[in-house]
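The model is shown first.

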Amino acid sequence: MASTTVTAPPKLISPSSGASALLRSNRILSVDLMRGIVMIIMALDHTRDYFTWLTFPPEDLTRTYGWLFFTRWVTHFCAPTFCFLAGTGAYLALGRGKTVGEISRFFWTRGLWLVFLELTLLSFAWTFVPGMIPGAGVIWCLGWCMVFMALLVRLPVKWLGGFGVAMILLHNLTDRISPAGFGHFAWLWTVLHVPGMLAIPGAHWTLFVLYVLIPWVGVMATGYAFGAILRLQAAERQRIIFRIGAAATAGFVLLRATGVYGNLADGLPFGIPISQGPWQHFPNLTLTVISFFNVAKYPPSLDYLLMTLGPMLMVLAWLDRATQDGRLSAPGRWILVFGRAPLFYYVLHIFLIHLMALAVGMALHQPISWLLHGAFFASPNPPGYGHGLPFIYGMWMLAVVLLYFPCAWFTALKARHKDWWLSYI
């Protein structure tokens, strides 16, 4: 058996003198490209949220159709990729001169910053109602996962990876544990594993926890340990990454086909009921395929994580092979801009899409008052509002083009300056 050769973190070949400052970096191109791809895809889901005329979720098998469901399904890859690569990026920072102590401090400070942003600026961006907090979403979850990781990074990398994989594989065994069984600490199990309403002491409102921490902490921990694979020789790491991705994808197909384990069980009082249980046969082939891929995201089931992380890793292996010489095509550099400014992009894209919905509604004389009073978090789309999928795709592409320019400016700013606060934006 060939020995495993560990090297320093992969370095990029120096680009020509006329190349963009974007490439003059010791960051790994494939990781940032993968992040950029899912950032672009994520905007599609949120564009659909604000522009659709439909009042039912795309997962509703009694009313959905192929194009609608897969418009939603492709965006399932975003949250797992963000969480996984957040851990990977932290590990790779060790190769750029950071110590474990510095990584730990960055995790808890950035994590708390993300939670603050979710409950303040991002809540306003989603609703346009000052003080309204629509729920604990993906940024809340990533923030608290980072706080936990601030402690976990003190563990040996193999232990941390084992912990993460075990949480991903085994967390569905706890699905039938109800928050009520924890008595006064029911709120803790709601935050950790069971989505639901969380009463805030002394406040006149409740917080809807949509993104729970289990198994997302495990995803980030696994991503951190995965960073060690990226320190291997190019051909070796690409082969390993692809095989891991293929094994995870095959695991999803096997578990989903048999239904023995891996998705949220039927009859549980939480989650989205239409994404629970085994898949079903329908007279319509499209609905049967939809049923097979319709797995639980809230909380994320094992099937959901294998279905998304597996193909993501295979694509990452391909991107790593395609960029190992440090060169990028023009579309690649365009995508890389988004991958290098993820939080900046995230905050901007919510504001932009919400404002675009207002502008389009006014231009087409559609009702827009609801967009200023909580949008879809407060009420369903009113009669006479919204658009079909072709229009939504057009608005999505326009939003991505518009987002490029501020993100390119900010990425260039980060390339020129190394101020500590830039890493928190």
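The sections below give the basis of the values and then the local features.

## Basis

This is a predicted model, in which local features need pLDDT of at least 70 and side-chain atom pairs count only at pLDDT 80 or more, while totals for chains, interfaces and linings use all residues. Residues are numbered from 1 along each chain as its sequence is written, and side-chain values use heavy atoms, with hydrogens and water left out.

Helices are DSSP runs of H or I with at least four residues, numbered from the N terminus. Helix α12 covers residues 302-322, which is 21 residues. The expected span of a helix is 1.5 Å times one less than its number of residues. For α12 this gives 30 Å, and the end C-alpha atoms are 30 Å apart, in agreement. Of the 21 residues of α12, 15 are buried, where buried means under 20% relative accessible area, exposed over 50%, and partly exposed in between (1.4 Å probe, protein chains only).

Ser30 belongs to helix α1, residues 29-51. Ser30 counts as buried because its relative accessibility is 1%. Contact means heavy atoms within 4.5 Å. With neighbours within four places in sequence set aside, Ser30 is in contact with Leu316, Leu319, Asp320 and Thr323.

## Salt bridges

Side chains of opposite charge can pair when their charged atoms come close. A salt bridge is taken as a side-chain nitrogen of Lys or Arg within 4 Å of a carboxyl oxygen of Asp or Glu, and the count by this rule is 8. One of them pairs Asp45 with Arg72, with 2.7 Å between the closest N and O atoms. Asp45 is in helix α1 and Arg72 in helix α2 (residues 66-73), so this pair ties together parts 27 residues apart in sequence. Both Asp45 and Arg72 are buried.

Arg63 and Asp60 form another salt bridge, whose closest N and O atoms are 3.2 Å apart. Arg63 is partly exposed because its relative accessible area is 45%, whereas Asp60, at 9% relative accessibility, counts as buried. Arg237 pairs with Asp320, the closest N and O atoms being 2.7 Å apart. Arg237 lies in helix α10 (residues 234-258) and Asp320 in helix α12, so the pair links parts that are 83 residues apart in sequence. Arg237 and Asp320 are both buried. Salt bridges that share partners also join Asp45, Arg48, Asp49, Glu59 and Arg72 into one network.

## Cysteines

A disulfide is a covalent bond between the sulfur atoms of two cysteines. The rule used here requires a pair of cysteine sulfur atoms within 2.5 Å, and it gives 0 disulfides. For Cys145, the nearest cysteine sulfur belongs to Cys141 and is 4.0 Å away. Cys145 is buried, at 0% relative accessible area.

Cys407 is likewise in no disulfide, and the nearest cysteine sulfur, that of Cys78, is 15 Å away. With a relative accessibility of 0%, Cys407 counts as buried.

## Nonpolar surface patch

Which residues make the nonpolar surface patch? Ile177, Phe182, Phe185, Trp187 and Leu188 make it, and its area is about 480 Å². Patch residues have over 30% relative accessible area and no salt bridge; like charges are joined within 9 Å, and nonpolar side chains (Val, Leu, Ile, Met, Phe, Trp, Tyr) within 5 Å. Accessible areas come from the Shrake-Rupley method with a 1.4 Å probe, and for residues only the protein chains shown count as cover.

Ile177 sits in the loop between α7 (157-170) and α8 (186-192). Ile177 is partly exposed, with 37% relative accessible area.

Notes:
Helices (H or I, at least four residues) and strands (E, at least two) are DSSP runs, numbered from the N terminus.
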